[in-house]
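This report goes through selected residues, helices and a chain contact one by one. The sequence and the structure come first.

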Protein chains: 2
Amino acid sequence: MDNKKPALYTCLSPALLHLYDISDSVVVIIDILRATSTITTALKNGAKAIIPVDSVPDCIRIGKQIAAITAGERDGQIAEGLQYGNSPFEYPEEFITGKTLVLTTTNGTRLLHMALDKGAKEIIIGAFSNLDTVCNYLIKKNKPVLLACAAWKDRVNIEDTLFAGAVVQKIKEQFSINCDASQIASALYAEAESDLFEFMKNKEASHYKRLSSFGLDKDIKFCLTSNTANVLPVYADGKLIKKAGIS
Amino acid sequence: MDNKKPALYTCLSPALLHLYDISDSVVVIIDILRATSTITTALKNGAKAIIPVDSVPDCIRIGKQIAAITAGERDGQIAEGLQYGNSPFEYPEEFITGKTLVLTTTNGTRLLHMALDKGAKEIIIGAFSNLDTVCNYLIKKNKPVLLACAAWKDRVNIEDTLFAGAVVQKIKEQFSINCDASQIASALYAEAESDLFEFMKNKEASHYKRLSSFGLDKDIKFCLTSNTANVLPVYADGKLIKKAGIS
């Protein structure tokens with residue numbers, strides 16, 4: 001173990017976030033199905049900014065205040081009172097360019113706010129959609145990293161763990177990893193990487209079953225596809241924007 | 001999914017225990033390195049009972065009150081003031097037969113008391129040492145199951161996850177599993193099962209490194225070996241005893 005390398009940890013559930021000191025880390029928020037995949041896609045397609053909020057009433061209020069699009073889901077479906085849902089396919093270039101989205105989701109936006117409350121100074125958004133961009137940025141940045149999985153109502157889930165594993169596999173040589181959760185994620189990804197969708201299906205991943213029952217296989221497949229939107233969403237001044245100079 | 005089958009869940013850290021309703025479940029406490037391996041071995045070797053306690057002072061006090069052996073560890077080493085440690089090799093038949101052990105450990109005994117506080121009515125002890133006995137019992141019992149990993153100071157660890165995965169792999173046909181953590185554990189075990197010790201070593205499991213640095217490779221290997229002590233420790237009236245009629 002090279003002590004000069006920065007440390008990398010994986011937090012498999014928001015309920016474990018308190019175990020990690022993130023004050024000096026880059027925190028990668030991971031909510032593959034579907035918040036972080038959608039955020040990444042919308043920014044790649046030209047969204048001006050995405051404002052993540054905790055609750056549906058906040059989403060509606062802020063949406064009105066700044067005349068932005070309101071979007072989000074609860075339990076995998078469009079939340080009542082919001083205009084759009086949490087599918088990356090709802091935000092093509094011709095619709096989203098130049099617009100601001102106010103977004104609330106079951107797990108991802110909540111975790112982002114937990115990380116802020118815990119003193120995180122740098123928060124970025126990770127999804128398979130921007131896998132290589134995230135990895136390249138973390139290596140270049142050369143700072144401690146926390147891969148923070150949004151999970152499902154605090155229960156560890158397969159897809160966020162798989163993404164953490166993909167990142168670990170790609171950047172492990174550049175980091176010091178003394179973290180069993182990272183090793184578990186990496187081993188899981190190694191087993192699944194040849195076909196992530198089939199892996200999710202075969203393992204009866206709870207989120208696969210939930211979204212598939214709504215006819216959203218297309219969304220699942222898209223969210224498990226690497227490098228469809230190589231932008232880096234960063235949190236700054238209350239919103240997620242595309243980091244300049246990175247693609 | 002057959003709804004008549006009882007549900008099986010895996011809880012990867014004590015900090016996630018609150019997510020599970022365990023009032024009607026058999027709770028399997030898992031602390032492979034080394035509490036549950038040692039409990040199982042000591043009972044197999046003839047210990048009369050093992051009293052799990054939270055703290056070192058309680059351990060010393062109760063040990064005096066009932067003239068029992070005090071044992072336990074903090075951070076992988078014998079805790080100050082106690083007579084013995086947490087190695088299965090400290091409790092051979094010629095020493096332990098007929099004796100009562102008061103035991104406190106960093107993670108395992110704490111989790112057991114958390115499960116009690118949460119209303120668990122049936123608590124059993126699982127380790128590779130008694131893998132088949134645990135699996136056979138769970139199948140025969142035909143009730144909901146929670147595989148509860150003690151982890152390391154609430155951080156998910158590889159060895160407890162591996163044991164949960166071994167159980168899932170052996171009993172999954174008899175249970176309804178809608179739990180990503182169980183699937184992750186099972187996939188991890190599938191990758192590791194040909195040589196658990198090598199897997200732990202290659203993955204630089206944090207507990208492997210900790211115990212190995214104390215020269216305890218022998219303990220690690222023993223604790224990863226299946227079916228060396230096929231007894232079923234159950235919690236009753238404040239102590240762990242060998243369940244009668246099971247071997």
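## Asp180(B)

Asp180(B) belongs to helix 7 of chain B, which runs over residues 180-192. The model is a predicted one. Asp180(B) is buried but forms no salt bridge. Its nearest side chain of opposite charge is that of Arg210(A), 7.2 Å away. A salt bridge would need a side-chain nitrogen of Lys or Arg within 4 Å of a carboxyl oxygen of Asp or Glu.

Leaving aside residues up to four places away in sequence, Asp180(B) touches Val156(A), Asn157(A), Ile158(A) and Glu159(A), and also Glu204(A), Ala205(A) and Ser206(A).

## The contact between chain B and chain A

Chain B gives 32 residues to the contact, and chain A gives 32 residues. About 2600 Å² is buried between chain B and chain A, with 56% of this area coming from carbon and sulfur atoms. Of the area that chain B buries against chain A, 25% is supplied by Arg155(B), Asp180(B) and Ile184(B), more than by any other three residues.

Which kinds of polar pairing does the rule find across the interface of chain B and chain A? There are 10 residue pairs in polar contact, both residues being at pLDDT 80 or more. The count of salt bridges across this interface is 0.

On the side of chain B that touches chain A, the elements giving two or more residues are helix 6 (158-171), helix 7 and helix 9 (206-213) of chain B. Helix 7 of chain B accounts for the largest share, 7 residues. By residue class, this side of chain B divides into 16 nonpolar, 7 polar and 9 charged residues.

## Leu188(A) in helix 7 of chain A

Leu188(A) is found in helix 7 of chain A, residues 180-192. Leu188(A) counts as buried because its relative accessibility is 3%, and the cut-off for buried is under 20%.

The contacts of Leu188(A), not counting residues up to four places away in sequence, include Ile158(A), Thr161(A), Leu162(A) and Phe199(A). From chain B, Leu188(A) touches Ile184(B) and Ala187(B). Gly165(A) is 23 residues from Leu188(A) in sequence, and their C-alpha atoms are 6.8 Å apart.

## Helix 9 of chain A

In helix 9 of chain A (residues 206-213), the buried residues are Ser206(A), His207(A), Tyr208(A), Arg210(A) and Leu211(A). Their cover includes helix 6 (158-171), helix 8 (196-202) and helix 10 (217-223) of chain A, together with helix 7 of chain B. Just after helix 9 of chain A comes Gly215(A), with a positive phi of about 75°.

## Arg34(A)

Arg34(A) sits in the loop between strand 2 (26-30) and helix 1 (35-44) of chain A. Why does Arg34(A) count as buried? Its relative accessibility is 5%, and the cut-off is under 20%.

Apart from residues up to four places away in sequence, Arg34(A) touches Gly76(A), Asn86(A), Ser87(A) and Pro88(A), as well as Leu211(A), Leu216(A), Asp219(A) and Cys223(A). Among these, Leu211(A) is one of the buried residues of helix 9 of chain A.

## Helix 5 of chain B

Helix 5 of chain B covers residues 131-141, with Leu131(B), Thr133(B), Val134(B), Cys135(B), Tyr137(B) and Leu138(B) buried. Strand 2 (26-30), strand 7 (122-126), strand 8 (145-149) and helix 6 of chain B are among the elements that cover these residues. Asn142(B) follows helix 5 of chain B and has a positive phi, near 55°.

Note on methods: Residues numbered from 1 in each chain as written. Chains lettered and ligands numbered in written order. Predicted model: local features only at pLDDT ≥ 70, side-chain atom pairs only at ≥ 80, totals over all residues. Heavy atoms only, no water. Helix = DSSP H or I, 4+ residues; strand = E, 2+ residues; numbered from the N terminus. Buried < 20%, exposed > 50% of the residue type's maximum accessible area, 1.4 Å probe, protein only. Lys, Arg positive; Asp, Glu negative; His and termini not counted. Contact = heavy atoms within 4.5 Å. Buried area = accessible area lost by both parts, 1.4 Å probe. Polar contact = N/O pair within 3.5 Å; in protein donor to acceptor, adjacent residues only side chain to side chain. Nonpolar A, V, L, I, M, F, W, Y, C, P; charged D, E, K, R; others polar.
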